[in-house]
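Visitor: Before we start, I would like to know the grounds for each term you use. Please show me the structure and take it one term at a time.

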Amino acid sequence: MRLSPAADTLRRTPLFDRHEQAGAKLVPFAGWEMPVQYGGIRAEHLSVRTGAGMFDVSHMGEIETSGPQAERFLQRILSNDVTKVAERGAQYSVLCREDGGVLDDLFTYRLAGGRFLTVTNAANHEKDLAWFRGHGAGFEVEVRDVHTDWAMLAVQGPKARAALERVADGELPKRMRTAELRLAGTRALVCGTGYTGEDGCELMLAPEGAPAVWDALIEQGVEPAGLGARDTLRLEVCFHLYGNDLSEERNPIEAGLGWCCKLDTGFVGADALRELEPRERLVPFAFTGPGIPRQGNAVKAPHGEGIVTSGSLSPCLGIGVGMAYLPLDDAEPGIRVEVDVRGKTRPAEVRARPLFKREETSG
Amino acid sequence: MAEASYPDDLKYHAEHDWARLEGDEATFGITWYAQDALGEVVFFDPPETGAHVAKDQAYAEVESVKAVSDVFAPLSGEIVDVNQALADSPEKINEDPYGEGWMVKVKLSDPSEVDSLMDVGAYRELL
C-alpha cells in the first residue's frame, strides 16, 4: 500500500484539541489540518442521517461587507438577487469571472440593512477577498476579512435542532434565517443552513468559546463527524463541491446553478452567461454494478464523452455514485453510460437529483 | 481489529503487505498499519486466478470511502486462489487482516525473493 506524506505548516482550528481527544484522523486540507474522520466515515454519515452530527468547518472563510452601498456592491458581484435577502436572511450564489467561470460558490447572510457576511471555501478565501476588494473600489463599501473572528461548526441531522435548543439561550432560526444567540455561554451567529440535506444549523462562534460549545453538544449526544462524511453526505443530495464540480473553467449554467444566476441584475459574468450555449450538464449518476467512481474518471455516453467530477460509495444506498458533466442530450435520468474506472468499464445510469431521499431507508 | 498487531510468522514488504509462506506457495494480504491508514475498506477488486504478479508491482486495489490504494505483491508468481468472500465482505480486511482478510494465494516463481522481505522486527522498525 502506498500512503501519501503529510504536508507541513498547516493551520489549526480552535477545536484542534477536541479532534485529537475524539480520536480524529487529521489530514491536510486547503492549508489546514482537519479531521477527515473519527470512528469511520460510514458511521458518521449515518449518524447525521438518523441522529445528529457536527463538523468543524472553521477552515471556511468569512468576508464582512458593510456600508451604504453594500447591497449594490454585492448585487454587482454575486449571481443571485441580493435585494431579495431580508434582514437575518440567507442566500446561495456563485461568484463569477467576466467570462462566467466560477470563482467560488458562497452563502451570504444579511446581518443588518447594510451589513453582510459571506462564507467562502477555504481554498478560495484569499482569491475571493482580492476579488471583493478589487471590485469594491467604486463603491461606498468596506470589505473586511473576518476569517479569524469566527470558528464555524455545522450541526446537522434530524436531531440536531433538538440538541441545539438545549444549549441555546433563545429560539433557533428557521431554515435560511439567522439569529444571534448564546450557546453554552458563547456568542454565536446561528444560521439555518447546511450542506448535508438534513435539517440543522451552521454556527459561527467566537473562537475562544468554540470548545465549550463542542463539549456541550457532545453532552447532548451530537457525534463528531469529519470532512469525509461531509463529502459523502453532500454528494448523496447532489450539492456542488468547489474544486470538484465547480471551477473557473466551469460555468454555473452547465453546473445546474442557473437558478441562482439572476442575469437581469447585471452581475459580473451575466453578459457572458446570457450568450452561452450550454453543451454539457452536471448530472448525478449511480453505478448499476460493482465499483466506485472517482473524480476524473472518463464517461462514455450515447452522444459523446463526459467526465466524473465527484464520486464515492454512497453509505445510504450502498452503491457507487457520483456527478459527471455529460453531453446535454445525455443528461436525462435513465440514460445508460459507462464509466472508465482506472481501465475497467463500469455500467452506470443517470439519475434524478437528489441521489438519496429520506424515504429510501427505514433508518 | 482495534489494536496494532504484526504476527511473527509472516514476511513483510515495505509497502505494508505481508506474505505467509507455505512451501512454494504464499498467501498475501495487507498489514494492520495499512488497513488502519486506509480506513474502512468498502471495495476490493480481486485479480483473476491465473494472473501473474510481479514483486513490488500492484496486483489489486482496495478502496475506502475516500481513497483508492494499490496493493503490492511482496513476491512474484501466479495467482492460484483469490479470496472471493472479500467481494461481499471487504470489511474483513479491517477486521481480520491476517486471517479472513487474506487476498490471494500465489505459486511462487522465485522463492529466493523471500530473502529481500523483512521479518516482523525489521517491519516494526519501519513503522
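**Terms and their grounds**

Guide: In helix α5 (residues 160-167) of chain A, the residues Ala160(A), Ala163(A), Leu164(A) and Val167(A) are buried. The model is a predicted one.

Visitor: What makes these residues of α5(A) lie on the same side?

Guide: They cover an arc of only 95° around the axis, so they are on the same side of α5(A). In general, an α-helix has 3.6 residues a turn, so residues three or four places apart point the same way.

Visitor: What covers the buried residues of α5(A)?

Guide: The cover includes β9, β10, β12 (200-205) and α6 (210-219) of chain A.

Visitor: Why is Phe16(A) called buried?

Guide: The cut-off for buried is 20 or more other C-beta atoms within 10 Å. Phe16(A) has 20 other C-beta atoms within 10 Å, so Phe16(A) counts as buried. Phe16(A) belongs to helix α1 (residues 16-21) of chain A. Between Phe16(A) and Pro35(A) there are 8.5 Å in space, C-alpha to C-alpha, and the two are 19 residues apart in sequence.

Visitor: Why are β10 and β13 of chain A said to stand at the edges of their sheet?

Guide: In chain A, 6 strands form an open sheet, in the order β10-β11-β12-β9-β3-β13, with mixed pairing. β10 (178-183) and β13 (223-224) each have a single partner strand, so one side of each is left without a neighbour in the sheet.

Visitor: How do you know that β3(A) and β13(A) pair?

Guide: Two strands pair if there are at least two bridges between them. β3(A) and β13(A) have 2 bridges, in the parallel sense, and therefore they pair. Gly53(A), for one, has Glu223(A) in β13(A) as its bridge partner. Helix α2(A) lies across β3, β9 (151-156) and β13 of chain A, at about 120° to β3(A).

Visitor: What makes helix α7 of chain A mostly covered?

Guide: Of the 10 residues of α7(A) (residues 227-236), 9 are buried. Among them are Leu227(A), Arg230(A) and Glu236(A). The buried residues pack against β1 (25-29), β2 (32-37), α2 (41-50), β3 (53-56), β16 (304-313) and β17 (320-327) of chain A. Just after α7(A), Cys238(A) has a positive phi of about 65°.

Visitor: How many residues does each chain give to the contact?

Guide: Chain A gives 15 residues and chain B gives 18 residues. On the side of chain A, the elements that give two or more residues are β2, α2, α7 and β16. The residues on that side divide into 6 nonpolar, 6 polar and 3 charged.

Technical notes:
Residues numbered from 1 in each chain as written. Chains lettered and ligands numbered in written order. Predicted model: local features only at pLDDT ≥ 70, side-chain atom pairs only at ≥ 80, totals over all residues. Buried ≥ 20, exposed ≤ 12 C-beta atoms within 10 Å, placed from the backbone. Helix = DSSP H or I, 4+ residues; strand = E, 2+ residues; numbered from the N terminus. Contact = placed C-beta atoms within 7 Å. Nonpolar A, V, L, I, M, F, W, Y, C, P; charged D, E, K, R; others polar. Axes fitted to C-alpha atoms, helices over the stretch in contact; angles between N-to-C directions. Arc of directions from axis to C-beta.
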